[in-house]
Amino acid sequence: MSVPTHGPLFLTNTLTRKKEEFVPLRPPHVGLYVCGPTVYSDVHLGNVRSFLTFDVLYRWLTHIGYNVRYVRNITDVGHLVGDVDEGEDKIAKRARLEQLEPMEIVQKYTNGFHDVMRLFNVLPPSIEPTATGHLIEQIGMVERILKSGYGYEANGSVYFDVSKYAEKHAYGELSGRKIDELMTNTRDTEGMDEKRSPLDFAIWKKAEPQHLMKWPSPWGEGFPGWHLECSAMSTKYLGLTFDIHGGGMDLKFPHHECEIAQSVAADGVAPVRYWMHGNMLTVNGRKMAKSEGNGFTPEELLSGNHKLLEQGYSAMTVRFFMLQSHYASTLDFSNAAMQAAEKGLERLMAALTTLDALTPVATFDPAHDTTLDALIKSANAYMNDDLNTPRAIAVLFEGIPVINNAAAKREDRSGFSAEQLSRWREFYHGIAGDVLGLQHEQRVVANDRALDGLVQEFIRMRAEAKARKDFAASDAIRDKLVAFGIVLKDTKEGTTWERA
RNA sequence: GGUCGCGUGGCCGAGUGGCUAGGCACAGCUCUGCAAAAGCUGCUACUGCGGUUCGAAUCCGCACGCGACCUCCA
């Protein structure tokens with residue numbers, strides 16, 4: 001099988017700020033690394049968007065025939081509260097506040113993160129390494145950086161020497177920053193005399209005696225710097241140079257810039273061939289962020305129990321909503337937009353159900369083949385064009401009238417042959433399901449069968465009433481059911497029901 | 001202040017130098033006992049002002065407005 005099977009894939013490489021054809025280092029293998037969460041609190045919707053973006057990338061790469069090793073880390077140490085390497089560790093702080101062991105915090109929020117990912121139908125990565133599980137690798141990397149002369153030890157901590165690095169390498173190339181501008185704009189450096197320059201960053205940090213999260217190292221007890229883990233773990237699992245590194249736009253600087261510098265300093269090669277950055281989810285035009293206090297958790301979203309939410313929205317509605325915009329654009333969350341997405345998704349999923357329920361006819365429409373060929377072609381082209389999911393979704397909608405038409409009309413030639421049906425189903429389930437990860441909501445849970453049996457009985461009674469033209473009785477049944485949130489739909493095949 | 005980006009129809013949101021995404025909403029019609037659902041039809045936008053061009057919403061300049069990053073953040 002040739003790779004890729006769906007034509008060349010183009011991705012926007014934020015390193016060059018251009019759309020480039022994606023050619024992996026060692027096809028059919030693709031190495032993909034995505035910065036995962038720091039597990040010190042609940043993930044919010046903005047975080048979800050980022051993981052969703054790379055979920056679709058992972059799904060698409062797989063769909064077009066690549067063998068993807070997807071590494072997404074869990075940051076469970078080293079991420080400090082403040083800036084300039086002086087604050088408290090985020091997890092340690094949370095542990096103190098919640099009066100738990102740091103690892104209990106890590107476990108708690110890792111579990112929560114996994115639950116949320118499952119809820120949004122985000123696939124698990126191939127490897128989900130933790131920073132604390134890779135202390136050896138990180139210490140090794142610090143040693144290599146020291147050996148190459150780009151790090152220095154000060155009072156039990158080790159810092160990366162940005163100025164020295166910038167003499168020979170392009171520090172700032174990813175984020176478009178110039179070193180002297182960075183120097184000018186940096187805030188006061190008082191109280192940080194361990195660092196030679198405010199731009200330097202910790203790759204190993206000395207731990208105070210009371211510090212809970214610390215490990216022995218050649219420089220004494222301490223813990224690794226935040227940026228280091230991604231470099232160490234991506235190197236370990238994907239090699240010195242790998243294909244794609246993804247993350248949120250806000251990680252571009254300094255996090256990813258530091259990753260590049262560390263890898264080049266330690267191993268002499270640029271670590272990443274294609275950098276990809278997802279854009280931010282905004283609320284009323286402002287970035288959703290924990291510090292802004294405008295984020296909501298998936299639980300609040302589902303229940304609608306938040307001052308910014310007019311109602312609850314399902315995870316699939318959110319997924320669909322997010323995929324209706326391009327990953328590189330900011331996306332503004334609003335109730336009106338969510339309600340529109342809810343309706344749109346409903347229509348799409350209803351069409352899928354209709355398609356699955358269609359029965360083949362003898363006098364089918366031969367045009368369904370050419371129509372489908374066109375849909376397939378453009379859907380693939382759009383996905384290959386830097387993951388244009390909104391366009392791919394639009395393609396799915398283009399075929400919906402064809403499906404609905406076939407279902408609504410029994411007499412004409414709008415029907416499908418058995419072969420056409422299987423091809424259409426394969427396409428719709430492939431794009432909507434496998435690639436975009438949209439799935440039916442499980443709206444009714446435990447007593448689904450009991451409820452269905454009950455409603456079917458009412459439908460039967462109503463049909464009897466209609467048969468004897470007792471419309472008062474039939475309407476009464478329908479209205480009663482509506483009051484209970486059950487909506488009846490009359491079709492040529494009979495009456496179906498769904499929840500309002 | 002520096003760097004980067006954005007400004008599209010009632011709303012959300014794609015996009016290309018000429019071939020008028022899609023969703024939601026709205027209106028009319030068809031189907032239906034009625035309604036819902038479904039189908040058909042309609043709704044032609046691109047912040048402002050200049051410029052390049054046969055032709056620009058799409059390229060360039062300026063202005064205005066908004067945002068992101070520059071400090072932890074997906």
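Two strands pair if DSSP finds at least two bridges between them. Helices (H or I, at least four residues) and strands (E, at least two) are DSSP runs, numbered from the N terminus. This is a predicted model: local features need pLDDT of at least 70, side-chain atom pairs count only at pLDDT 80 or more, and totals for chains, interfaces and linings use all residues. Residues are numbered from 1 along each chain as its sequence is written, chains are lettered from A and ligands numbered from 1 in the order in which they are written, and side-chain values use heavy atoms, with hydrogens and water left out.

**View 1. Strands β9 and β10 lie side by side and run parallel.** Strand β9 covers residues 242-248, and six bridges link it to β10. His245 faces Trp275 of β10. Gly247 has His277 of β10 as its bridge partner. Buried means under 20% relative accessible area, exposed over 50%, and partly exposed in between (1.4 Å probe, protein chains only). Strand β10 (residues 272-278) has six of its seven residues buried, so the rest of the structure largely encloses it. Strand β9 is mostly covered too, with seven of its seven residues buried.

**View 2. Strand β3 also pairs with β9.** Strand β3 spans residues 29-34. Three bridges join β3 to β9 in the parallel sense. Leu32 stands opposite Ile244 of β9.

**View 3. Strands β1 and β2 make a hairpin.** Strand β1 holds residues 10-13 and strand β2 holds residues 18-21. They pair in the antiparallel sense over four bridges. Phe10 stands opposite Glu21 of β2. Four residues separate the two strands. Arg17, in the turn, has a positive phi of about 60°.

**View 4. An open sheet is built from three strands, β12-β11-β13.** The pairing in this sheet is mixed. Its edge strands are β12 (286-287) and β13 (331-333), and each pairs on one side only. Strand β11 (residues 281-283) runs parallel to β13, with three bridges between them. Leu281 has Leu331 of β13 as its bridge partner.

**View 5. The protein surface around RNA strand B is made of 62 residues.** A residue is near a molecule or strand if one of its heavy atoms lies within 4 Å of it. Lys90, Trp226, Gly248, Leu251 and Lys287 come nearest. By class, this surface has 20 nonpolar, 21 polar and 21 charged residues. Here Ala, Val, Leu, Ile, Met, Phe, Trp, Tyr, Cys and Pro count as nonpolar, Asp, Glu, Lys and Arg as charged, and the others, Gly among them, as polar. Helix α13 (residues 389-408) gives the most to the surface, with nine residues. Of the RNA atoms within 4 Å of the protein, 68% belong to sugar or phosphate. The rest belong to bases.

**View 6. Polar contacts reach base, sugar and phosphate parts of RNA strand B.** A polar contact is a pair of N or O atoms within 3.5 Å; within protein, one must be able to donate a hydrogen and the other to accept it, and residues adjacent in sequence count only if both atoms are side-chain atoms. A backbone N or O atom of Met288 lies 2.5 Å from a base nitrogen of the RNA. A polar backbone atom of Gln324 is 3.1 Å from a sugar or linking oxygen of RNA strand B. An N or O atom in the side chain of Lys343 is 3.2 Å from a phosphate oxygen of RNA strand B.

**View 7. Gln210 sits in the loop between β7 (201-206) and β8 (222-224).** Gln210 is exposed, with a relative accessible area of 62%. Thr370 is 160 residues from Gln210 in sequence. In space, the two are 71 Å apart, C-alpha to C-alpha.

**View 8. Chain A is divided into three parts: domain 1 (10-278), domain 2 (283-435) and domain 3 (448-499).** These bounds come from an automatic or database domain assignment. The C-alpha centres of domain 1 and domain 3 lie 57 Å apart. Chain A has 16 helices and 15 strands. Of its 500 residues, 49% count as buried.
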